[in-house]
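Trainee: I am new to this structure and would like to go through it step by step. Please take my questions one at a time.

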Amino acid sequence: MIRSLLICGLIAGACGGLLAAGFGEIVGEPPLEQSIAFEEAQSEHEHGAAVGGHEHEEAPPVSRDVQRFVGLPLAATIYGLAIGGLFALAFAFAYGRVGDASPAKTALWMALLGFIVFFLVPFLKYPANPPATGDPNTVGERTLLFLTMLVTSLLAGVAAARVRTSMIKRYAPGTATVLAIGVFLAIVVVAGIALPAVDEIPAGFPANELWKFRTASIGTQAVLWTTMGLVMAVTAPRVLAGKPILQR
């Protein structure tokens, strides 16, 4: 059973990754190109005068076309497979233990919660920035801060689930859910206030392009998690009913 559910999760993750890559190409590529253009203009302005404006830049080891049409779909698919596998294991653990929802509803609810806990909460504290807006010397620090917020969000989600399980024995399901949400929000808000802010947006960077880039980042993750939830909602009930994953 676990093996079959894991296969469902991998299929869901692969589908989600590919669709997210397509969304990113359509919606996220224009602001990314604008960011690269801004970075190149800044670089030329800073270094062009020093060499008389005739410096020759070496071509990147991987062209932009290869990055866009090969690297992005491949990376998104691998990422989707990893997240899909974790999603399937979480589904296998949660189904029947947290509430009495059907397999399809459980998958959809878990996709929504996964999007919020795994992506949205860390994103709100440390939103994605285009390539031209970060200091290369602080990559390690920024990555550590983001991972700290991510782990805090995950632990807050686990704590909220435990609170709901405990409270539902004494209160109505709605009340227990509200208490669990309150615990989750309290933990992540305190963590968000305690962790230092990171603001490395350079002066002159177009605010409109920054907004488009971050909106595209949210949309890409929304496509990934929505697709995983929908695919899992279709395939998991078949597995639990003892049927093949795909209709023959």
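**Rings, cores and a pocket**

Mentor: Start with one residue of this predicted model. Phe115 has a relative accessible area of 14%, which is under 20%, so Phe115 is buried.

Trainee: Which aromatic pair does Phe115 form, and is the pair stacked, tilted or edge-to-face?

Mentor: Phe115 lies in helix H3 together with Phe119, four residues away, about one turn of the helix. The ring centres are 5.6 Å apart and the planes stand at 35°.

Trainee: Is Phe119 buried or exposed?

Mentor: The relative accessible area of Phe119 is 10%. The cut-off for buried is under 20%, so Phe119 is buried.

Trainee: How are the rings of Phe91 and Tyr95 arranged?

Mentor: Their centres lie 5.8 Å apart, which is within the 6.5 Å needed for a pair. The planes meet at 10°, under the limit of 30 degrees, so the pair is stacked.

Trainee: Which accessibility class does Phe91 fall in, and which does Tyr95?

Mentor: Phe91 has a relative accessible area of 0%, so Phe91 is buried. Tyr95 has 32%, which lies between the cut-offs of 20% and 50%, so Tyr95 counts as partly exposed.

Trainee: Which residues do ring pairs link into a cluster?

Mentor: The count of aromatic pairs in the model comes to five. Ring pairs join three residues into a cluster: Phe87, Phe118 and Trp225.

Trainee: What does the secondary structure of the protein come to?

Mentor: From the N terminus on, the elements run α-α-α-α-α-α. The total is therefore six helices and zero strands.

Trainee: What share of the contacts with a separation of 6 or more joins residues 24 or more positions apart?

Mentor: The protein has 248 residues, and buried residues make up 34% of them. Among contacts with a separation of 6 or more, the share from residues 24 or more positions apart is 82%.

Trainee: Which residues does Phe91 contact, leaving aside its neighbours within four places in sequence?

Mentor: Phe91 is one of the residues with the most contacts inside the largest nonpolar core. Outside its sequence neighbours, Phe91 is in contact with Leu5, Pro103, Thr106, Ala107, Met110, Met232, Ala236 and Leu240.

Trainee: How many residues are in the other core?

Mentor: That core lies apart from the largest one, and Leu145, Ala180, Phe184 and Ala191 are among its members. Its residues come to 12.

Trainee: Which helix gives the most residues to the lining of the largest pocket?

Mentor: About 1600 Å³ of space lies in the largest pocket. Of the 39 residues that line this pocket, the closest to its centre are Met110, Leu113, Val117, Gly157 and Ala161. Helices H2, H3, H4 and H5 each give two or more residues to the lining. With 10 residues, the helix that gives the most is H3.

Trainee: How far apart are the C-alpha atoms of Leu224 and Ala111?

Mentor: Leu224 lies in helix H6 and, at a relative accessible area of 2%, is buried. Its contacts, leaving aside neighbours within four places in sequence, are Gly13, Gly16, Gly17, Ala20, Tyr79 and Gly80. Leu224 and Ala111 are 113 residues apart along the chain, and their C-alpha atoms are separated by 9.3 Å.

Trainee: Which residues does Pro173 touch, not counting those up to four places away in sequence?

Mentor: Pro173 has its place in helix H5. The residues Pro173 touches are Arg164 and Ile168.

Key. Residues are numbered from 1 along each chain as its sequence is written. This is a predicted model: local features need pLDDT of at least 70, side-chain atom pairs count only at pLDDT 80 or more; totals for chains, interfaces and linings use all residues. Side-chain values use heavy atoms; hydrogens and water are left out. Buried means under 20% relative accessible area, exposed over 50%, partly exposed in between (1.4 Å probe, protein chains only). Contact means heavy atoms within 4.5 Å. A nonpolar core is a set of buried Ala, Val, Leu, Ile, Met, Phe, Trp, Tyr and Cys residues joined through side-chain atoms within 4.5 Å. Rings of Phe, Tyr and Trp (its six-membered ring) pair if their centres lie within 6.5 Å; planes under 30 degrees apart count as stacked, over 60 as edge-to-face and the rest as tilted. On a 1 Å grid over the protein atoms alone, a cavity is a set of points where a 1.4 Å probe fits but cannot get out, and a pocket is an open set with protein on both sides within 12 Å along at least five of seven lines; lining residues have an atom within 4 Å of a point. Grid points are joined across faces, edges and corners, and a volume is the space filled by probe spheres set on the points.
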